[in-house]
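Biologist: Could you walk me through this one? I would like to talk about helix packing, the ligand and a few loop residues.
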Amino acid sequence: MPADTRWFSLDDIEKAAQNTLTKEHADFFAGAAGDESTLRSNRDAFERIRLRPRVLRDVSSRSTGITLLGRHLDTPVIVSPTAFHRLAHPDGEIATARAVAAANTVMIVSMAATTRIEAIGEETERWLQLYLQPDGDFTTALVQRAEKAGYGALVVTVDSPVLGRRERDHRNGFHDLPAGLRCENMVDDAGTLRSIAMDASVTWESVDRLRAVTGLPVLLKGVLHPDDARRAVDHGVAGIVVSNHGGRQLDGTVATIDALPAIAEAVPDGFPLILDGGVRRGIDVVRALALGASAVGIGRPVLWGLAAGGQDGVSQVLDLLRTEVDEALALCGVSRPDHLDPDVIWTGPPTH
Ligand code: FNR
């Protein structure tokens with residue numbers, strides 16, 4: 001499907017996506033746990049943060065590029081792991097990966113992908129997200145597949161000892177993928193499809209054990225407390241994703257942008273910190289980078305792009321955000337993402 005040129009914002013793409021999805025699938029993508037208060041606060045917290053631009057600085061030569069885990073990216077926006085891309089569009093993860101490659105950024109492939117990890121474009125910088133499974137041998141086998149397929153890092157999601165209760169899914173009776181779709185990477189050597197277990201017994205030692213079986217950098221996703229960030233550094237992790245799972249796990253958590261400053265304070269300078277949750281505008285990216293993030297991730301907008309327009313839809317999401325970041329940097333009087341600092345954030349009394 002050709003990209004729709006009437007899309008001027010991620011919000012437009014979200015609306016277009018709603019028209020292509022059944023209610024139960026749209027709710028699965030959009031929904032969150034409990035009262036969905038964390039889902040709302042991720043957005044509200046961004047909007048509360050006001051910017052304090054500088055003027056009369058030559059910003060005629062600009063870049064939106066960053067370096068993350070030693071790799072140059074053209075945009076500070078990466079793709080957070082989300083399940084079931086083929087539920088959004090038949091081309092699924094393959095379409096997402098092509099759009100990510102065109103944008104020269106990173107795709108974190110979900111353990112709940114509906115495509116085999118080997119089939120997801122080699123041209124893309126991709127990292128594999130994992131929930132550590134009670135069967136350590138299964139996790140290790142998947143890690144070895146990722147290594148062989150050229151994945152650049154592992155991202156262990158640590159905010160899910162149990163699955164958050166997403167009431168929309170319960171009300172809609174959405175429990176299973178439709179016929180023909182499955183979590184392709186959960187098929188074991190014997191050809192048996194396993195379900196993804198949320199293992200409540202996972203600890204820091206589990207992270208150490210994973211590090212011992214792989215040469216890939218290991219990041220932790222779902223950290224909100226600065227003491228956990230410090231511990232992650234002590235355990236040799238390569239980066240942290242400051243995330244509340246888009247509000248889908250513990251409802252009532254702090255918004256990620258509010259959690260970020262203390263975490264940035266807790267880790268060494270330059271330690272890779274990715275923030276996700278509610279990033280919908282270039283100014284949100286600027287806010288996050290100014291408060292200490294190295295990059296941001298987007299979850300739902302990628303699914304909206306996929307549903308609304310397949311690969312082109314995801315490209316539009318990434319391109320729109322990159323353009324908005326470029327404009328926001330210029331309007332803040334800053335020529336590169338790594339020149340942003342907290343000085344651009346208003347710290348006086350609320351202005352509204
Ligand atoms: C997710 N997220 C997620 N996280 C993860 O570690 N593994 C996963 O399989 C999934 N799956 C998933 C499915 C859907 C439908 C959503 C919306 C989210 C969480 C995701 O990585 C990310 O943290 C949030 O989506 C970020 O918030 P925004 O950008 O959606 O507001």
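Modeller: What follows is a talk through some features of this model, which is a predicted one.

Biologist: Fine, start with packing. How do the axes of H1 and H12 cross?

Modeller: The axis of helix H1, residues 10–18, comes within 10 Å of the axis of H12, and the two cross at roughly 165°. An angle over 145 degrees counts as roughly antiparallel, and therefore H1 and H12 are described as roughly antiparallel to each other. The crossing in which H1 passes H12 is right-handed.

Biologist: And which residues make that contact?

Modeller: On the H1 side the contact is made by Leu10, Ile13, Glu14, Ala16 and Ala17, while H12 brings in Pro301, Trp304, Gly305, Ala307, Ala308, Gly313, Gln316, Val317 and Leu320. Sorted by class, the residues of this contact between H1 and H12 are ten nonpolar, three polar and one charged.

Biologist: What about H9 and H10, how do they cross?

Modeller: Helix H9, residues 226–234, and helix H10, residues 256–266, have axes that come within 8 Å and cross at roughly 35°. The crossing of H9 and H10 is right-handed. From H9, Pro226, Ala229 and Arg230 meet Ala262, Ile263, Glu265 and Ala266 of H10, and by class this contact has five nonpolar, no polar and two charged residues.

Biologist: Switching to the ligand, how many residues surround it, and which are the closest?

Modeller: The ligand is surrounded by 24 residues, of which the closest are Ser80, Ser110, Gly246, Gly299 and Arg300.

Biologist: How does that shell split by class?

Modeller: The shell around the ligand is made up of eight nonpolar, twelve polar and four charged residues.

Biologist: Now the backbone. What is the phi of Glu36, and where does that residue lie?

Modeller: Glu36 is not a glycine, although its phi is positive, at about 60°. Glu36 lies in the loop between helix H2, residues 23–30, and helix H3, residues 37–48. Because 17 other C-beta atoms lie within 10 Å, Glu36 is classed as partly exposed.

Biologist: And His245, what is its phi, and is it buried or exposed?

Modeller: Phi of His245 is near 65°, which is a positive value in a residue other than glycine. His245 lies in the loop between strand S8, residues 239–242, and H10. His245 counts as buried because it has 24 C-beta neighbours inside 10 Å, where 20 or more are needed for that class.

Biologist: Next, Ser294. Where is it found, and what is it in contact with?

Modeller: Ser294 is found in the loop between helix H11, residues 282–290, and strand S10, residues 295–298. Leaving aside its neighbours within four places in sequence, Ser294 is in contact with Ile66, Leu68, Pro272, Leu273 and Ile274. Ser294 has 23 C-beta neighbours inside 10 Å and therefore counts as buried.

Biologist: How far apart are Ser294 and Ser243?

Modeller: Ser294 and Ser243 are 51 residues apart in sequence, and in space their C-alpha atoms are 14 Å apart.

Biologist: Last one, then: why does Asp341 count as exposed?

Modeller: Asp341 counts as exposed because it has 12 C-beta neighbours inside 10 Å, and 12 or fewer is the cut-off for that class. Asp341 is placed in the segment after helix H12, residues 300–332.

How values were computed
Residues are numbered from 1 along each chain as its sequence is written. This is a predicted model: local features need pLDDT of at least 70, side-chain atom pairs count only at pLDDT 80 or more; totals for chains, interfaces and linings use all residues. Helices (H or I, at least four residues) and strands (E, at least two) are DSSP runs, numbered from the N terminus. Axes are lines fitted to C-alpha atoms, for helices over the stretch in contact, and angles run from 0 to 180 degrees between N-to-C directions. Angles under 35 degrees count as roughly parallel, over 145 as roughly antiparallel, 65 to 115 as roughly perpendicular and the rest as oblique. A crossing is left-handed if the near helix is turned anticlockwise from the far one by less than a right angle, and right-handed if clockwise. Two residues are in contact if their C-beta atoms, placed from the backbone, lie within 7 Å. Ala, Val, Leu, Ile, Met, Phe, Trp, Tyr, Cys and Pro count as nonpolar, Asp, Glu, Lys and Arg as charged, and the others, Gly among them, as polar. A residue is near a molecule or strand if its C-beta atom, placed from the backbone, lies within 6 Å of it.
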